[in-house]
Amino acid sequence: METTSSSRVGAQTAEAPASADAPAQEPDTSPQSNTQPQEHTAPVPAARRTAEGFLAADFPWYGLDGAFTGPRWLMQVGTAADGTVEHGSTGHGDEPSARGEIATGEKERFAVVITVASNPLRRSGDGTGVLEATSVSSAAWLAGSGLLAYSWPGQMDHSLRDDWLDQQTEAAWELADDLAGEDWSTLSLPVDGEPTPFHYRESEFGWVLAGSTGSGVHLGAYGRGMSAYGLGFSAIADLGSYE
């Protein structure tokens, strides 16, 4: 993992709240950025971004392969200060909520796939600094923080959740920074039909995995209610297949 400033890909979690009509917020990926998350409100996947941000990317987007026949939707993209698209995510299955099973009594089944551009060391858009390279740990961080955004511990009061989320988000960052640690295992899953190794871990809130593809991107994923062991990933040929 290169540095804290780059691998964390800004202070945003993978799925920050968004309004379909609001301008996209741009995570600050400069070395001087503050890595503490600013806010931990529940994501609103129903307020989806249009495909515009996805179409602006110069790298391929990934989702679950054709073996998955359930609902698919676009979530949101993350951009650098110069507007360059750096990562984004696609949802599969049920649309998750932070309260989830606690509020409805029904177990949600979803998997979110995060695509992170594989960027080498490069100058910032305004030429005033250097942006560090992204890595597999970047994908692991986004996936871990994304899962937490959709998690709500049982019997926890609303007023305490922000403190809990701060602590758990920092823990997710530390885990992403140590992919060789004992908290991670190795899982081989197909990417574009080729067996690909992923770092994988489970928690009471779901699972998280991260790896790299041969097409110049890193992949992260998280989910709940769907087994990660049966998943496969492929480049998205038609964004129109995502509602």
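**Notes on the fold: rings, cores and charges**

1. Let's start with the rings: searching the whole structure turns up 7 aromatic pairs. To count as a pair, rings of Phe, Tyr and Trp (its six-membered ring) need centres within 6.5 Å; planes under 30 degrees apart are called stacked, over 60 edge-to-face, and the rest tilted. Take Tyr200 and Tyr229: their ring centres are 5.4 Å apart and the planes sit at 70°, so this pair is edge-to-face. Tyr200 belongs to strand β8 and Tyr229 to the loop between β10 and β11 (233-235), so the pair ties together parts 29 residues apart in sequence.

2. A word on what you're looking at: this is a predicted model, where local features need pLDDT of at least 70 and side-chain atom pairs count only at pLDDT 80 or more, while totals for chains, interfaces and linings use all residues. Residues are numbered from 1 along each chain as its sequence is written, and side-chain values use heavy atoms, with hydrogens and water left out.

3. Back to those two tyrosines. Buried means under 20% relative accessible area, exposed means over 50%, and partly exposed is in between (1.4 Å probe, protein chains only). Tyr200 is buried, at 4% relative accessibility, whereas Tyr229 is exposed at 52%. Elsewhere, ring pairs join Phe54, Phe59 and Trp61 into a cluster.

4. Now the overall build. The protein chain has 5 helices and 11 strands; these are DSSP runs numbered from the N terminus (helices: H or I, at least four residues; strands: E, at least two). Of its 243 residues, 52% count as buried.

5. Next, the nonpolar cores, meaning sets of buried Ala, Val, Leu, Ile, Met, Phe, Trp, Tyr and Cys residues joined through side-chain atoms within 4.5 Å. The largest has 30 residues, and Trp61, Leu64, Trp207, Leu209, Leu219 and Phe233 have the most contacts inside it. Strands supplying at least two residues each include β1 (62-64), β2 (72-79) and β9 (206-212). Another core lies apart from it, with 22 residues, among them Ile114, Tyr150, Trp173 and Ala176.

6. Trp173 deserves a look of its own. You'll find Trp173 in helix α5 (residues 158-176), buried at 6% relative accessibility. The C-alpha atoms of Trp173 and Trp141 are 5.6 Å apart, although these residues are 32 places apart along the chain.

7. What about charges? There is 1 salt bridge in the structure, a term for a side-chain nitrogen of Lys or Arg within 4 Å of a carboxyl oxygen of Asp or Glu. Glu108 and Arg224 form the bridge, with their closest N and O atoms 3.4 Å apart. Glu108 is in the loop between α3 (100-104) and β4 (110-117) and Arg224 is in strand β10 (residues 217-224), so the pair ties together parts 116 residues apart in sequence. Both partners, Glu108 and Arg224, are buried.
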